[in-house]
Amino acid sequence: VQGVVALAVALTVAWFLFGAWCPVIRQGIQHLPDEGEIRAGQLVWHGSAPRLLASGSFIAFSVDLDHAGEIGSPADLEVEFGRDSFLIHSLLGYLELRYPSGWVVEFNREQLAPWWGAWQPMILGLVALVVIGQLLVTWALLAALYAMPIWVLVFLLDRQLKLIECWRMAGAALLPGALAMMAGIVLYGFGVVDVIGLGFITAGHFVLGWIYLFIGALFLPRATPADACPKNPFARPPA
């Protein structure tokens, strides 16, 4: 069941990237100059700057060699390429990352346009596989983290559940939150909620898992007297 839910979430993420990010990336590549590359940690740029390459509601791309902040975009996420680093702007602030010094990356329309056209489906498929693997690993770790508190809770409630079964129940309780997060991505993709609303949904999907987990413990079968007091191994069996 976790695999099915992880696949559904991965396909939703791929759908969102295909409809919201890929067209903007393609448009930004078309606005690149004929020559340009990132070499030895430096962007070799032959066009006018600062310049907005492409912008949408969800993501935007721009070139500002000195990161002077002269170009702004209303997009929820903006990637700004500078002379020796690029900035990722969002509602939470910005993150600056320097170009790898040992890489040579083409940064021109002639090379990137056919490359992106050929590799876009594979990149989306790779993203989906990464999402599936990340979800399965995260669910297993979170279930292991929640198993011990739930085992203590069911013990205090006089319920019948072993520790390994608590781990399984914790893993199952995380799935409704994942479905809620998947619905949030769909609503965000259609513009029903903005990035702030998506943030609330992201926080709420964790709380939803806790609700299912702790309330689910109340519906477990109670421990029977036989479970509470095992048989005396020294007692004589009945005739």
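This is a predicted model: local features need pLDDT of at least 70, side-chain atom pairs count only at pLDDT 80 or more; totals for chains, interfaces and linings use all residues.
Now colour the residues of the contact of α1 with α2 by class: 23 are nonpolar, 4 are polar and 2 are charged.

How do α1 and α3 pack, at what angle and with their axes how far apart? The angle is about 15°, and the axes are 10 Å apart. Angles under 35 degrees count as roughly parallel, and α1 and α3 are therefore roughly parallel to each other. Here the crossing is left-handed. Two packed helices are described by the angle between their axes and the distance between the axes.

Next, select the residues where α1 meets α3. On the α1 side, pick Gln-2, Val-5, Ala-8, Val-9, Thr-12, Val-13, Trp-15 and Phe-16. On the α3 side, pick Gly-171, Leu-175, Ala-178, Leu-179, Met-182, Ile-185, Val-186, Tyr-188 and Gly-189. By class, the residues of this contact of α1 with α3 divide into 13 nonpolar, 4 polar and no charged.

Zoom in on Thr-12, which lies in helix α1. Is Thr-12 buried or exposed? Buried means under 20% relative accessible area; Thr-12 has 10%, so Thr-12 is buried. Leaving aside residues up to four places away in sequence, Thr-12 touches Met-182, Ile-185 and Val-186.

Zoom out to the largest nonpolar core, which has 58 residues. In soluble globular proteins, nonpolar side chains tend to be buried together. Which members of this core touch the most other members? They are Leu-43 and Phe-81.

- the helices α1 (2–30), α2 (109–156), α3 (163–189) and α4 (195–218);
- the strands β2 (42–45), β3 (51–55), β4 (59–63) and β5 (77–81).

Of these, α2 gives the most to the core, with 13 residues.

For the last stop, select Phe-81 and display its neighbours, again not counting residues up to four places away in sequence. Phe-81 touches Leu-43, Phe-61, Ser-62, Val-63, Asp-64, Leu-65, His-67, Phe-86, Tyr-99 and Phe-107. Leu-43 in that list is the other residue named above for touching the most core members.

Technical notes:
Residues are numbered from 1 along each chain as its sequence is written. Side-chain values use heavy atoms; hydrogens and water are left out. A nonpolar core is a set of buried Ala, Val, Leu, Ile, Met, Phe, Trp, Tyr and Cys residues joined through side-chain atoms within 4.5 Å. Buried means under 20% relative accessible area, exposed over 50%, partly exposed in between (1.4 Å probe, protein chains only). Helices (H or I, at least four residues) and strands (E, at least two) are DSSP runs, numbered from the N terminus. Contact means heavy atoms within 4.5 Å. Ala, Val, Leu, Ile, Met, Phe, Trp, Tyr, Cys and Pro count as nonpolar, Asp, Glu, Lys and Arg as charged, and the others, Gly among them, as polar. Axes are lines fitted to C-alpha atoms, for helices over the stretch in contact, and angles run from 0 to 180 degrees between N-to-C directions. Angles under 35 degrees count as roughly parallel, over 145 as roughly antiparallel, 65 to 115 as roughly perpendicular and the rest as oblique. A crossing is left-handed if the near helix is turned anticlockwise from the far one by less than a right angle, and right-handed if clockwise.
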